[in-house]
Amino acid sequence: MNSRGGFPVALVRWERHCDQGNVFERGYSVLKLDSSEGRWKIAEGWTLDEPSQWDPENTGVQCSRV
């Protein structure tokens, strides 16, 4: 997790499963989190096929594995 404009940013890996439990889609998302109203919520999100698609030089945010 890192921050962008004062907000924490998290890189997450996700999978979607069919009713039989098989994975039919997977990817990564970068989520900008906000707790300014007293509850955490996703303020913005970007979906990636690979984490290498996130360009820290362009976005100003470096994500690292935790």
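## Salt-bridge network

Arg13, Glu15 and Arg26 are joined in a network of salt bridges (a side-chain nitrogen of Lys or Arg within 4 Å of a carboxyl oxygen of Asp or Glu). This is a predicted model: local features need pLDDT of at least 70, side-chain atom pairs count only at pLDDT 80 or more, and totals for chains, interfaces and linings use all residues. Residues are numbered from 1 along each chain as its sequence is written, and side-chain values use heavy atoms, with hydrogens and water left out.

Arg13 is exposed, at 55% relative accessible area. Glu15 is partly exposed, at 32%. Buried means under 20% relative accessible area, exposed over 50%, partly exposed in between (1.4 Å probe, protein chains only).

Strands E2 (residues 7–17) and E3 (residues 23–34) run antiparallel, joined by nine bridges. Strands are DSSP runs (E, at least two residues), numbered from the N terminus; two of them pair if DSSP finds at least two bridges between them. Five residues separate E2 and E3 in the hairpin. In the turn, Gly21 has a positive phi of about 95°.

Arg16 has Glu25 in E3 as its bridge partner. Their side chains also meet in a salt bridge, 2.8 Å from N to O. Arg16 is partly exposed at 43%, and Glu25 is partly exposed at 33%.

## A link from E3 to E4

Glu44 forms a salt bridge with Lys32, with 3.1 Å between the closest N and O atoms. The pair links distant parts of the chain: Glu44 lies in strand E4 (residues 41–48) and Lys32 in E3, twelve residues apart. Lys32 is buried at 14%, whereas Glu44 is partly exposed at 34%. The structure holds five salt bridges.

Technical notes:
Helices (H or I, at least four residues) and strands (E, at least two) are DSSP runs, numbered from the N terminus.
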